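Welcome! Take a moment with the view below, and then read on.

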2 protein chains.
Amino acid sequence: MDVCVVAIGDELLIGQVTDTNSGSIARMIAPEGWRVAGVEVCGDSAEDIRGAIGRAFSRANIVLTTGGLGPTKDDITKNVLMEIFGGELHEDAEVLENVRNIMARRGLEMNPLTAAQAMVPTSCEVIQNRLGTAPLMWFESDKGVLVAMPGVPFETTGMFESEVFPRLLNRFPSRKVITHRTLITTGISESALAGMLAGWEENLPDNMHLAYLPNAGYIRLRLDAKGDITERKAVETSADEAVAGMKEIIGEYIVAENDITPAEILLAESSAHDVTIATAESCTGGNIAGAITAVPGSSQCMAGGVVAYSNDVKIKLLGVSPDTLALKGAVSEEVAAQMAEGVCAATGADLGIATSGIAGPGGGTPDKPIGTVCIAVSYRGKTETVTMHFPGNRKRVVDRAVNFGLLSAVRMIREN
Amino acid sequence: MDVCVVAIGDELLIGQVTDTNSGSIARMIAPEGWRVAGVEVCGDSAEDIRGAIGRAFSRANIVLTTGGLGPTKDDITKNVLMEIFGGELHEDAEVLENVRNIMARRGLEMNPLTAAQAMVPTSCEVIQNRLGTAPLMWFESDKGVLVAMPGVPFETTGMFESEVFPRLLNRFPSRKVITHRTLITTGISESALAGMLAGWEENLPDNMHLAYLPNAGYIRLRLDAKGDITERKAVETSADEAVAGMKEIIGEYIVAENDITPAEILLAESSAHDVTIATAESCTGGNIAGAITAVPGSSQCMAGGVVAYSNDVKIKLLGVSPDTLALKGAVSEEVAAQMAEGVCAATGADLGIATSGIAGPGGGTPDKPIGTVCIAVSYRGKTETVTMHFPGNRKRVVDRAVNFGLLSAVRMIREN
């Protein structure tokens with residue numbers, strides 16, 4: 001079943017906020033064989049919203065709008081929806097009660113603007129929003145179904161998963177299944193991978209498709225296999241067989257066999273081998289620790305870390321030698337090694353990941369240009385170091401160094 | 001001038017990658033009075049790409065495509081562009097040279113797939129890509145101008161800013177100006193702000209518009225003012241006057257007067273008062289340090305920090321008292337205060353920001369439910385603490401705690 005998403009909001013068009021809702025929706029509906037056929041981002045004007053909804057209905061019977069439902073004056077979505085689906089505004093007592101409860105829970109006062117959220121078109125079925133004040137609205141006509149949802153990602157994804165999608169599945173029982181397999185590779189370029197897999201790809205059946213998804217420091221390979229819902233088992237089996245074929249060809253570059261982040265790969269490996277982790281970060285500034293602790297349950301393996309931005313902190317908290325700093329410079333494999341070993345000593349962790357580098361835009365020298373990052377991993381007494389030259393701006397250099405550090409740690413555990 | 005963006009890629013539609021290019025483009029063109037009138041995200045099929053480009057040209061004379069130009073088989077954009085603009089593929093020697101250089105610089109081997117990037121339609125003008133292997137292509141017909149750009153954000157934004165937009169400005173000299181003003185507020189809800197500003201908004205002239213943009217822990221108010229390019233000065237002045245009016249009404253909630261992040265606000269304040277910063281993070285796991293160090297030049301103020309996930313690290317590196325941990329628990333204002341003071345002592349920094357809390361999904365208790373975060377700021381010998389209850393999932397709780405901690409530190413510096 002195809003769905004079109006219309007993401008409403010001037011803040012999206014002018015680039016102050018990024019639409020992540022359409023991607024979240026796509027991920028939630030994929031396991032049922034549904035797909036997002038198109039996403040349009042449109043501004044807060046009636047004309048834009050009307051146009052975008054019209055174009056969406058020309059492509060799919062199900063249109064999901066996100067945003068444009070807040071309490072403030074820049075929200076005119078309800079009026080456009082009444083132009084399309086008819087009806088007039090009336091007060092919904094249950095919504096009013098919900099708004100009142102949420103405001104009370106947040107310690108905020110009710111005011112006329114918040115109360116106005118309880119005014120909903122008579123032409124829709126209201127779905128109560130447990131996570132915020134703006135009610136969800138389900139419209140239906142000969143064009144199809146439109147569900148208007150709030151734009152705050154936490155509310156959109158929470159309510160879509162628990163309320164909207166179950167109702168849509170009930171309304172449009174699915175006939176198709178799509179299954180996805182993801183392999184994560186590192187240490188090889190996209191085109192080199194494609195060259196190795198070219199012959200194998202030629203022989204893929206028509207219901208399968210391989211996509212190359214490069215990330216900072218690794219590449220995800222996503223295989224999709226489609227079929228009728230009655231053939232679910234055969235589709236799953238053929239996808240597994242195709243993955244087995246890929247593994248024979250590019251096995252040495254594969255670091256994980258499902259769609260997980262480098263931090264999740266490291267935590268799975270650490271958990272399996274009872275490894276505790278610590279980080280000692282200079283140029284990555286806490287982002288390796290942040291990536292690890294973003295994973296629920298990471299406290300089982302993560303002891304902690306040090307963000308050692310100044311030399312003083314490198315010396316005081318990590319025991320880096322002032323002589324080495326003077327002789328080799330902060331951005332050196334020697335200092336990175338001492339940072340990794342030092343954070344293990346300071347925290348008692350089994351594994352230490354350290355970075356020291358020049359993320360830019362300032363600080364580059366002819367010897368150590370921007371993008372130079374020294375990475376060290378210390379694991380149960382053994383330390384390995386490497387110097388990388390990452391392309392790109394500050395954020396990109398940091399992202400690559402984070403993923404490289406995490407995946408180097410995975411390799412250290414596996415090889416030792 | 002209106003621009004439509006077509007973001008191409010199955011990976012965008014299925015939610016594995018988020019389109020950030022359209023937002024970057026919007027931010028870059030806004031100062032010239034240009035705007036992104038619409039964004040469509042479409043899949044990698046010829047039919048989808050053809051449809052999306054057609055819809056885009058029905059709305060604007062300038063269409064920018066991103067993505068769909070990589071070396072691998074899922075990229076078919078060039079063929080669709082030749083259907084629309086004519087021409088046939090020929091090898092461009094300069095592109096081939098560029099691809100060769102980039103591959104050599106990255107230490108990768110040339111292969112037939114990479115070399116194929118040098119095959120470009122005869123109907124376009126090629127813009128050499130300094131940042132990657134896929135060439136940019138400028139097409140022009142009676143429909144208007146289409147520029148096909150790569151999808152990797154680093155390449156897209158870098159090439160758009162340095163090459164594409166200057167050429168577009170030259171081709172379509174601008175007649176309009178839009179100016180933006182942003183105020184950042186904290187400690188007040190969107191609807192309460194809107195209530196306070198309701199009367200003022202009623203009196204806004206037609207060429208001005210106020211948008212409310214809620215973030216985790218703060219709200220951005222964006223005022224847009226439009227006019228003809230000949231009236232640039234008057235437009236700027238009237239926007240400044242409108243902002244002055246807002247400040248009279250909601251001044252006490254304003255923490256910054258331009259569109260900067262909480263970390264940038266703290267760094268500006270710290271820099272102005274010669275303050276060095278350190279972080280001591282439990283539940284935020286390095287994200288406060290990460291937010292600070294994401295800002296270029298942050299090393300001037302940022303000493304470093306400790307990610308103290310385990311109690312052991314809190315005791316060893318931050319000098320937190322084991323008795324306090326036993327008596328009050330790790331999630332307590334007392335422990336947060338000791339962490340903030342301890343990181344100042346350990347690093348010699350003037351300002352310490354500490355967090356200890358329960359981000360979820362596990363770890364909540366009736367006394368300390370998920371979302372409970374104790375935040376402490378220690379500044380030149382004085383320490384303040386607070387316990388917050390943030391709504392939402394793990395990421396949202398962490399994001400709010402990060403911004404709350406940063407903005408609390410700003411307040412501490414300003415008030416002391």
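## Two chains and how they meet

Chain B can be superposed on chain A by a rotation of 180° with 0.1 Å of shift along its axis, giving an RMSD of 0.1 Å. That is the relation of a two-fold axis. The copies meet through the same surface, because 100% of the interface residues of chain B are also interface residues in chain A.

Please keep in mind that this is a predicted model. For the complex, the predictor gives an ipTM of 0.78 and a pTM of 0.80. Chain A has a mean pLDDT of 92, and 99% of its residues reach 70 or more.

## Aromatic rings

Let us turn to the rings. Over all chains, the count comes to 10 aromatic pairs. One of them joins Phe85(A) and Phe139(A): the ring centres are 4.9 Å apart and the planes stand at 25°, so the pair is stacked, the cut-off being under 30 degrees. This pair links distant parts of the chain, since Phe85(A) belongs to helix 4 (residues 77–85) of chain A and Phe139(A) to strand 7 (residues 136–141) of chain A, 54 residues apart. Both Phe85(A) and Phe139(A) are buried.

Ring pairs also join Trp34(A), Phe160(A) and Phe165(A) into a cluster.

## Helix 7

Where does helix 7 of chain A bend? Helix 7 (residues 153–171) of chain A bends by about 55° at Phe160(A), a residue that also takes part in the ring cluster. The buried residues of this helix include Phe160(A) and Phe165(A), along with Phe154(A), Glu155(A), Met159(A) and Leu168(A).

What covers these buried residues? From chain A, the cover includes helix 2 (21–29), strand 3 (62–66), strand 6 (125–127), strand 7 and strand 8 (144–149). Chain B contributes as well, with helix 15 (394–415).

Now look at the other copy. Pro153(B) is found in helix 7 (residues 153–171) of chain B. With a relative accessible area of 38%, Pro153(B) is partly exposed. Leaving aside residues up to four places away in sequence, Pro153(B) touches Thr20(B), Asn21(B) and Gly158(B). The C-alpha atoms of Pro153(B) and Asn21(B) are separated by 5.8 Å, although these residues are 132 residues apart along the chain.

How values were computed
Residues are numbered from 1 along each chain as its sequence is written. Chains are lettered from A and ligands numbered from 1 in the order in which they are written. This is a predicted model: local features need pLDDT of at least 70, side-chain atom pairs count only at pLDDT 80 or more; totals for chains, interfaces and linings use all residues. Side-chain values use heavy atoms; hydrogens and water are left out. Copies are superposed by least squares on the C-alpha atoms of residues with pLDDT of at least 70 in both. Contact means heavy atoms within 4.5 Å. pLDDT is the predictor's confidence in each residue, from 0 to 100. Rings of Phe, Tyr and Trp (its six-membered ring) pair if their centres lie within 6.5 Å; planes under 30 degrees apart count as stacked, over 60 as edge-to-face and the rest as tilted. Helices (H or I, at least four residues) and strands (E, at least two) are DSSP runs, numbered from the N terminus. Buried means under 20% relative accessible area, exposed over 50%, partly exposed in between (1.4 Å probe, protein chains only). The bend at a residue is the angle between axes fitted to the seven residues ending there and the seven starting there.
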